[in-house]
Amino acid sequence: MIDTEAVAAIRQEPITWRYKGLPVALDGCTVAQAAERGLNLFEDGFLGPVLVLDEAALSHNLTTMAKWCADRGVQLAPHAKTTMAPQLWARQIEAGAYGLTAANTAQLRVYRAFGVSRVIFANELVDPAGLRWVDEERSADPGFEFTCFVDSVEGVARMEDSLRQVGAAPVDVVVEVGRTAGRAGARSTAEATAVARAAAASPLLRLVGVGGYEGVLVNDPSPHSVSVVDEFLRRMRELTVALHREGLFETDEILLTAGGSCFFDQVADVFAGPWPGMSVTTVLRSGCYVTHDDGFYRWMSPFSRGEAGNGSLRPALKLWARVTSLPEPGLALLTAGKRDLSFDAWPPEPQLVRGADGEIRELTDCTVSAVNDQHAFITLAAGHGLAVGDWVRLGLSYPCTAFDKWQLIPVVRGETVVDFVRTYF
């Protein structure tokens, strides 16, 4: 499923000035040597800001999601674009992941560089160069399983033309279901059926299932939003049954895939058996569970809403930044901005302060009111006690746009750095 030797080789890469936030003293060390030092995040020269991953939270989230999927009889192919971190992918696969999900060929090339052998390409792939490369990868590695989305008859024709030009073997596809004003995907059952018939008729495509993404349909967990998601998932289920009755699937094990990080509980419920006369594998594509967050997913995740049953996820991403200025009453500036943290979903959340004496205390009644390229503006409560030079911990919302700003991320237990995670964006 993944080349563990290639993943292990990351730890032999040298640390240089390219990796921001790290102590100058680590220059020339390998990642493994740096991890073995057991550095203190605050006393051993880390240059704020610095994004960190909490090891205890990571382990908890991996175990919790794996158990949840096993208990409900669904598979998980995490959308690995969330982290683009092969070390975390390896842990997800070790925890039982079915495979990984990709969105584009740039991501897929990274996956293949680390030997990922089963990928759901949750997008349409009509680029001839991309299709040619995928075929080369499959020829070089017969164990590479690749499935992508199709959502139009034109897309089927374009794929077929590109594959014919390079003499490619057939590609597995699932017909993508969409919704008016949503993202990609056939807008109606009639359109989806036409796409499925075109794919099944093509000698260079092999129709193996139905896919969709419910996460873009709504933006809150209200009863109305839940009903919208349920209706969409029921439509996917009904289409799957109809295509099976028509004999269009070219596999004995039908792939039915949906599920971001907000409504995967509904996917498991709606796609649950029985499936009379059919064998169906439900595959979720949730990616953000691995770190969870202190904002959007804390609000939206089924674990947070209690819909997933007993258990919870824990936020694993934190950013520590220095107070550089207290220019006026009620305002502090931190050395962290849009280049360092996610800001596009919800603002960062001030949580803790570590003073010069090493004491850590909660930072209450304070908010991040603005973020520019290199600074976060914190509106302070009376009696905040902040001083220039203090470290402030920020909880982040939306992991996808936090990981992409850091190439090498310390993993911590408390204040001790125990490892580093490399990203490839």
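Into which domains is the protein divided? Domain 1 covers 2–52 + 311–420, and domain 2 covers 116–287. Those bounds come from an automatic or database domain assignment. The C-alpha centres of domain 1 and domain 2 lie 38 Å apart.

A word on the basis. This is a predicted model, where local features need pLDDT of at least 70, side-chain atom pairs count only at pLDDT 80 or more, and totals for chains, interfaces and linings use all residues. Residues are numbered from 1 along each chain as its sequence is written, and side-chain values use heavy atoms, with hydrogens and water left out.

Now the whole protein. It has 13 helices and 18 strands. These are DSSP runs, numbered from the N terminus: helices are H or I, at least four residues, and strands are E, at least two. The radius of gyration is 23 Å, close to the 22 Å that the globule rule gives for 425 residues, so the protein is as compact as a globular protein of that length. That radius is taken over C-alpha atoms, and the rule is 2.2 Å times the number of residues to the power 0.38. Along the principal axes, the C-alpha atoms fill a box of roughly 70 × 50 × 35 Å.

Burial next. Of the 425 residues, 55% are buried. Buried means under 20% relative accessible area, exposed over 50%, partly exposed in between, with a 1.4 Å probe and protein chains only. Take contacts, meaning heavy atoms within 4.5 Å. Among those between residues at least 6 apart in sequence, 71% join residues at least 24 apart.

On to helix α8, residues 189–201. Its buried residues are Ala192, Thr193, Val195, Ala196 and Ala199. They cover an arc of only 160° around the axis, which puts them on the same side of α8. The arc is that of the directions from the helix axis to the C-beta atoms. The face turned away from the buried side carries exposed Ala190 and Ala201. What do the buried residues of α8 pack against? Their partners are β5 (145–150), α7 (153–165), β6 (171–177), β7 (205–212) and α9 (223–245).

That brings us to α9. At 1.5 Å a residue, its 23 residues should span 33 Å, and its end C-alpha atoms are 33 Å apart, which agrees. The expected span is 1.5 Å times one less than the number of residues. The buried residues of α9 include Phe232, Leu233, Met236 and Leu239, along with Arg235 and Arg237. Their cover includes β6, α8, β7, β8 (254–258) and α10 (264–270). Just after α9, Gly247 takes a positive phi of about 75°.
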